[in-house]
Structure formats: C-alpha cells, structure tokens
Amino acid sequence: MAGIIDSFRLDGKVAWITGASYGLGLAYAKAYAEVGAKIVFNDIKQELVDRGLEEYRKLGIDAYGAVCDVTSEDQVTAFVKDVEEKVGTIDILVNNAGIIKRIPMTEMSVDQWNQVIGVDLTGPFICSKAVLPAMIAKGSGKIINACSMMSEFGRETVSAYAAAKGGLKMLTRNICSEYGQYNIQCNAIGPGYIATPQTAPLRARGEDGSMNPFDRFIRSKTPAQRWGRTEDLQGLAVFLASPASDFINGQVVYIDGGISAYIGQDPSNLDESKFAAEKEDEDIIVND
Ligand code: NAP
Ligand code: GCO
C-alpha cells in the first residue's frame, strides 16, 4: 500500500488545466509537474499558448499546449481527441479558464452577461462533459473547478461573475452526485483575492503612489492583511488531484486568508506603511 506522501503524487497522470498560460493555471500546472503529472493546457489565443509553452520550457516542463476556446464544444472535442492521441487520456481536469467583467448590472448588456456565463460556467460544463466518458471507462478521474469568493458573496459590478461562480459551485456538487459512483471526484478551489493579472486593476496604485481603495478594503477584510499568492493555492490543487483526496467529493475549499470567517475591520485603521514596499505586478492585463 502506498505511503501517505506517495498518495499525494501524480506520476504518469495527464492533467489538463484550461487557460493555463499564466496566472493561477500556470501555478497549478507547475505544482502538478513537480509531483509527476504530464501537463496539458489550452488558451484562447495562439500568442498566449506560445507564451505558456515558453514559460513551461524555461521551467523544464514538457507541456502540450494548443488553442481551444472552452465555450466551443467542437473545439473542446477536437482538443480532447488530439490530447488522447498525442499524450494520453485525461486523468485530471482543472476548469481554470475564467473572465470577469466589472460593470454595474444596470449597464451590462446581455451579450456581456452571456460572455461571462459562457466562459465561467458553460465552459466547465463543456470541458467536463468531454473528459467524463474516458474517466468513467477508466474508473477514476478528478475534476477541479475554479470557484471564488463570489460563489458565496455578492459585490457591486460583478453580477454575471457571481452568478457563474455560484452556478459552478452547484455544477461541482452535481458532477459529484452523478459520477461519484465511477470513482470520479469533482471538487472546487475557492480562492480569495489573489494577486494575478485578473485582479491587477483592483490593486493598481494611483499616480501619486497612493494605495488603491479596493486594496485597502480587501486587506481590512482579510485577517492575513495581504493578497493571496499563486503559491498559496498549489498545495490544495495537488491534494484535490491526488489519491489522497479520493473520499472528498462535491466540496468547495476556500483559500482566502480568512476573509469568509471575518466581518472585517474599519479600513481607516489599516497601517498603510506596512504595505508600501510590496512589489506591483509587472504585467498588467485587464480582462474587462
Ligand atoms: P487570468 O489571469 O485571467 O487567467 C485566465 C486564463 O483563461 C487567461 O489565460 C485567459 O485568456 C483564459 N481564457 C479566457 N477565456 C477563455 C476561453 N474562452 N477559453 C480558454 N481560455 C480562456 O485568471 P486568474 O486570476 O489566473 O484566475 C484563474 C481562475 O481562477 C478564473 O476562473 C478566475 O475566475 C478564478 N479566480 C481567480 C481569483 C483571483 O483572485 N485571481 C480569485 C478567485 C477565482 P485571456 O488572458 O485572453 O483572458
Ligand atoms: C472582484 C474580483 C473577484 C476575485 C475573486 C474573488 O472584482 O471582486 O475580481 O471576483 O477575482 O474571484 O474570489
């Protein structure tokens, strides 16, 4: 019988992480490669795939990457077929690709709403549907969804994102309910506020170097008083992909520095000088 440390390993497993050219997806992939998995990723544009391939090459990871839009069932079906032929059947799927549009609901068009629901909720449905038959045939599989604080909370301007991430929590439970009998586990990671390009606009300092009011707000809501780092999510991502979590199913695990346990402090009490030296993101990409 495998020892406890070995039960966290992913040797020989094929892990597909969607939208993993940079950001959280890249961090999950790095962690999976370190414990033995073969990495497969897609992204929406060739330039992102090239950037990802270069990044993996530099890290010494032999990853397979290609363009595939997670909202297109035809593209996803073709991608999975290619992966099966070139790499092997997919053992682990991380539905990581996501977008956000920060627009007040009364100003959001139906088209903008549909784009967010399409990538953040329909995408995980399409990708999970594509990998489940092989997982059922094999009698094992792991699906990990990218939930959010917005799977539990609302806030101004993120109606479509919150609706999608709340829906994704229930898709997680439903995949668990429907396919748990085949030894397939579907769980979700619920990151708090993590420093990636997606959240860069929320942290960007003013021209005079002043702290972004949202940055101050998030730190005052977070007992750890900091933004999460991509490395903070790697341990859970490995655990949920590994045999060590085989009896955990349908759960959302929040990694939020304590936000969801805490009512928060008055933002004006926060000592800004503690954070002045923190490095800004070098690479700011705004998704809106
Ligand atoms: P990110 O930096 O924006 O990366 C997401 C990736 O998905 C990007 O490469 C993006 O490409 C790609 N993508 C977008 N639409 C796609 C499509 N239709 N098909 C394939 N790929 C597509 O996001 P992140 O911050 O790493 O977050 C990753 C996931 O965690 C997302 O689902 C996000 O909602 C969730 N999350 C993030 C945080 C956080 O604080 N960062 C917190 C909670 C949850 P483009 O660059 O072209 O958009
Ligand atoms: C926002 C943020 C969030 C985070 C994350 C929180 O505008 O409030 O972008 O939605 O990215 O999902 O868990």
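# Briefing: packing, burial and salt bridges

Phe-8 is placed in the segment before strand E1 (14–18), where strands (E, at least two residues) and helices (H or I, at least four) are DSSP runs numbered from the N terminus. The structure is a predicted model, in which local features need pLDDT of at least 70 and side-chain atom pairs pLDDT 80 or more, while totals for chains, interfaces and linings use all residues. Residues are numbered from 1 along each chain as its sequence is written, chains are lettered from A and ligands numbered from 1 in the order written, and side-chain values use heavy atoms, without hydrogens and water.

- Phe-8 is partly exposed, because its relative accessible area is 30% (buried is under 20%, exposed over 50%, partly exposed in between; 1.4 Å probe, protein chains only).
- Together with Ile-4 and Ile-5, Phe-8 makes a nonpolar surface patch of about 320 Å².
- Such a patch joins nonpolar side chains (Val, Leu, Ile, Met, Phe, Trp, Tyr) within 5 Å, or like charges within 9 Å, from residues with over 30% relative accessible area and no salt bridge; areas come from the Shrake-Rupley method with a 1.4 Å probe.

**Helices H3 and H4**

- Two packed helices are described by the angle between their axes and by the distance between those axes.
- Helix H3, which covers residues 73–86, packs against helix H4, which covers residues 110–138, at an angle of about 35 degrees.
- The axes of H3 and H4 are 9 Å apart (lines fitted to C-alpha atoms over the stretch in contact, with angles from 0 to 180 degrees between N-to-C directions).
- On the H3 side, the residues that take part are Glu-73, Val-76, Val-80 and Glu-84.
- On the H4 side, they meet Ile-126, Cys-127, Lys-129, Ala-130, Val-131 and Ala-134, where contact means heavy atoms within 4.5 Å.

- The side chains of Lys-129 and Glu-73 form a salt bridge with an N to O distance of 2.8 Å (a side-chain nitrogen of Lys or Arg within 4 Å of a carboxyl oxygen of Asp or Glu).
- This pair links distant parts of the chain, since Lys-129 belongs to helix H4 and Glu-73 to helix H3, 56 residues apart.
- Lys-129 counts as partly exposed because its relative accessibility is 42%, and Glu-73 is likewise partly exposed, with a relative accessible area of 36%.
- By the distance rule for salt bridges, the count comes to 11.

**Two further salt bridges**

- Asp-91 and Lys-138 meet through their side chains in a salt bridge of 2.6 Å, N to O.
- That pair also links distant parts of the chain: Asp-91 lies in the loop between H3 and E4, Lys-138 lies in helix H4, and 47 residues separate them.
- Asp-91 counts as buried, because its relative accessibility is 8%, whereas Lys-138 is partly exposed at 42%.
- Another salt bridge joins the side chains of Asp-246 and Lys-142, at 2.7 Å from N to O.
- Asp-246 is in the loop between H8 and strand E7 (252–255) and Lys-142 is in strand E5 (residues 141–146), so this pair ties together parts that are 104 residues apart in sequence.
- Asp-246 is partly exposed at 36% relative accessibility, while Lys-142 counts as buried because its value is 5%.

**Buried residues in loops**

- Ala-63 is located in the loop between helix H2 (46–58) and strand E3 (64–67).
- With a relative accessible area of 15%, Ala-63 is buried.
- Beyond its neighbours within four places in sequence, Ala-63 is in contact with Ile-39, Phe-41, Leu-53 and Tyr-56.
- The C-alpha atoms of Ala-63 and Lys-38 are separated by 6.8 Å, although the two residues are 25 residues apart along the chain.
- Arg-102 is found in the loop between strand E4 (92–95) and H4, and it is buried, with a relative accessible area of 16%.
- From C-alpha to C-alpha, Arg-102 and Thr-157 are 4.8 Å apart in space, although they are 55 residues apart in sequence.
- Thr-222 sits in the loop between helix H7 (213–221) and helix H8 (234–241), and it counts as buried because its relative accessibility is 2%.
- Leaving aside neighbours within four places in sequence, Thr-222 is in contact with Asp-256, Gly-257, Ile-259 and Tyr-262.

- Gln-234 lies in helix H8 and is buried, with a relative accessible area of 19%.
- Not counting residues up to four places away in sequence, Gln-234 touches Ala-27, Lys-30 and Ala-31.
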